[in-house]
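Please keep the sequence and the structure in view while reading.

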Amino acid sequence: MNQHTIYFSDEEWDFYYHLCNQYAKDELASTIEQKNKRNQFNTDAMIHQTTTGKIAEWAVTLFFTDKPCTISDPDMQIYTKYNKSFDADLIIDGYNLHVKSQSVESANRFGTSWMFQYNGKGSGHRDPLLNYDNGLVAFCVVDFNKKAVHLKGICEFALIRNKLREPVKHSLKHTKRCIYLEDLTQQDFIEIK
């Protein structure tokens, strides 16, 4: 697979970690109600997952900054619960790029995989990618100890949608679907130059 690792200097990591962790703390008030409806109740875990996701978004942005393309910065705005969306995290050369992330610790516990919102109580709980939306998806694993993000690759989601399956973690089987790295082949990934 066409994997790349984005390494942060100590100063860069401190900056981006603080930026993303503060975003996660600020954002929690507008998402906790929805997350509770999705069987998620551990606020520390919610903050950690959001921090992980934003660090991955910044790593992907930084990775492509040196490439012959244009890429947006991650959206760091806090939205009200009514203005949340499943919009793409980044735009690269006009294409939607969704960034999916997992920490190294989570990958070690549950297998290298990335979650998509499948269900919950009430409306607004299903990621449009699961049914009809298309776009590119960057799959990342964040290593907090080594201050690095492993970009496992980028896929065109329409071509891998059929590889979604239930998560290993029992409490999430009703509300999430996952793409597991072990199910992806070299042909599933777009070449990154």
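## A buried ring and its partner

In this predicted model, Phe144 has 16% relative accessibility and therefore counts as buried. Tyr17, at 32% relative accessibility, counts as partly exposed. Buried means under 20% relative accessible area, exposed means over 50%, and partly exposed lies in between (1.4 Å probe, protein chains only).

## Basis of the values

The model is predicted: local features need pLDDT of at least 70, and side-chain atom pairs count only at pLDDT 80 or more, while totals for chains, interfaces and linings use all residues. Residues are numbered from 1 along each chain as its sequence is written, and side-chain values use heavy atoms, with hydrogens and water left out.

## Aromatic pairs

A pair of aromatic rings is described by the distance of the centres and the angle of the planes. Rings of Phe, Tyr and Trp (its six-membered ring) pair if their centres lie within 6.5 Å; planes under 30 degrees apart count as stacked, over 60 as edge-to-face and the rest as tilted.

The whole structure contains 9 aromatic pairs. In one of them, the ring centres of Tyr17 and Phe144 are 6.3 Å apart and the planes stand at 85°, so this pair is edge-to-face. Tyr17 belongs to helix H1 (residues 10-37) and Phe144 to the loop between E5 and E6, so that distant parts of the chain, 127 residues apart, are linked. Helices (H or I, at least four residues) and strands (E, at least two) are DSSP runs, numbered from the N terminus. Both residues also belong to a cluster in which ring pairs link Phe8, Trp13, Phe15, Tyr16, Tyr17, Trp58 and Phe144.

## Charges over rings

A charge sits over a ring if NZ of Lys or CZ of Arg is within 6 Å of the ring centre and within 35 degrees of the ring normal. Lys54 lies over the face of Tyr23, at 4.8 Å from the ring centre. Arg165 takes such a place over Tyr180, at 4.0 Å from the ring centre.

## The sheet

An open sheet is formed by 5 strands in the order E1-E6-E5-E3-E2, with mixed pairing. Two strands pair if DSSP finds at least two bridges between them. Strands E1 (4-7) and E2 (90-92) stand at the edges with a single partner strand each, so one side of each has no neighbour in the sheet.

E1 and strand E6 (residues 148-156) run antiparallel and are joined by 4 bridges. Within this pairing, Ile6 has Val149 in E6 as its bridge partner.
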